Amino acid sequence: MKISVLGISGSPHRHGNTETLLDSFLDGAKAAGALVEKVVLKDLDYAPCRGCNACHKTGECVVKDDAIVLFDRVLKADCLAIASPIYTMGITAELKGFIDRGQYLWARKFIFKTLYFTDNHIKRHKGLFVSTAGQNWDHVFDGAFPMVTAIFNGTGFEYYDNIIANNMDEYKGIRNHPTAMKEAFEKGQKVVAVIGKLNAPK
Ligand SMILES: Cc1cc2nc3c(=O)[nH]c(=O)nc-3n(C[C@H](O)[C@H](O)[C@H](O)COP(=O)(O)O)c2cc1C
């Protein structure tokens with residue numbers, strides 16, 4: 001069976017720096033033989049978490065919209081690439097809104113104990129964070145990492161790698177960055193090879 005790679009773009013800017021970098025990663029994964037899908041959060045219809053805590057009583061989210069359908073897809077993927085530009089030192093509202101909607105999975109894990117990922121499962125499921133930022137600060141991505149860690153932990157992925165490029169203001173776009181696009185393509189190829197090896201019959 002082909003390795004499945006799901007890319008989720010949290011940028012509201014279609015075909016901007018972040019989605020373009022994600023595309024390069026996905027192209028690399030496809031070139032390595034994976035089945036690749038991209039979802040653009042901006043095109044989906046989902047509401048932010050209401051904080052009603054109904055999921056703490058049932059393990060289900062009462063809001064039936066595209067977020068729930070996407071979490072089902074996330075749980076089936078072998079590799080998950082979460083992409084967001086840095087907005088005000090963090091992730092975009094689109095991505096944060098989606099991540100918060102995973103609270104029902106938290107309830108299944110920690111209240112109902114019906115959702116559990118073995119160490120072996122986590123090792124075979126790789127998560128990558130794809131991001132771009134305008135500033136050249138080294139720490140510009142730091143605010144995003146804990147939220148990305150949270151969604152990978154909540155959905156059974158090992159936080160495997162980052163594909164990040166800062167200083168977009170000076171480069172005037174990701175395509176002018178000297179290394180990022182090539183690096184993203186190569187990381188796509190590599191992660192598929194790594195998962196393939198982990199899943200190979202012994
Ligand atoms: C609302 C908004 C907030 C931003 N905040 C930051 C920031 O805090 N730090 C930074 O380095 N860049 C910031 N940027 C710049 C973007 O991170 C950068 O231009 C990025 O490459 C945009 O990616 P995109 O083309 O996918 O939208 C911000 C841009 C916008 C529109």
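This is a short tour of a predicted model, one selection at a time.

**Before you start**

Residues are numbered from 1 along each chain, as its sequence is written. Because the model is predicted, local features need pLDDT of at least 70 and side-chain atom pairs count only at pLDDT 80 or more, while totals for chains, interfaces and linings use all residues.

**Stop 1: the whole chain**

Show the protein chain as a cartoon. Its secondary structure comes to nine helices and five strands. Helices (H or I, at least four residues) and strands (E, at least two) are DSSP runs, numbered from the N terminus. Follow the chain along its sequence and the pattern reads β-α-β-α-α-β-α-α-α-β-α-β-α-α. The radius of gyration is 17 Å, close to the 17 Å from the globule rule for 202 residues, so the chain is as compact as a globular protein of that length. That radius is taken over C-alpha atoms, and the rule is 2.2 Å times the number of residues to the power 0.38. Along its principal axes, the C-alpha trace spans about 50 × 45 × 30 Å.

Of the 202 residues, 42% count as buried. Buried requires 20 or more other C-beta atoms within 10 Å of the residue's own; exposed is 12 or fewer, partly exposed is in between, and C-beta atoms are placed from the backbone.

**Stop 2: strand β4**

Select residues 126-132, which form strand β4. Seven of the seven are buried, so β4 is largely enclosed by the rest of the structure.

Strands pair if DSSP finds at least two bridges between them. Strand β3 (residues 79-83) runs parallel to β4, joined by five bridges. Look for A83 opposite V130. Strand β5 (residues 158-165) also runs parallel to β4, with seven bridges. Here L128 stands opposite D161.

**Stop 3: the nonpolar cores**

A nonpolar core is a set of buried Ala, Val, Leu, Ile, Met, Phe, Trp, Tyr and Cys residues joined through C-beta atoms within 7 Å. The largest one has 49 residues. Select V5, L21, F25, A29, A81, I82 and V130, which have the most contacts inside it. Helix α9 supplies the largest share of this core, seven residues. A second, separate core has five residues, including C55, C61, L105 and A107.

**Stop 4**

**Stop 5: two single residues**

Pick K182 in helix α9 (residues 180-199). K182 counts as exposed, with 12 C-beta neighbours inside 10 Å. K182 and F25 are 157 residues apart in sequence, yet 8.6 Å apart in space, C-alpha to C-alpha.

Finish at I111 in helix α5 (residues 103-112). I111 is partly exposed, with 13 other C-beta atoms within 10 Å. Its C-alpha atom and that of A31 are separated by 41 Å.
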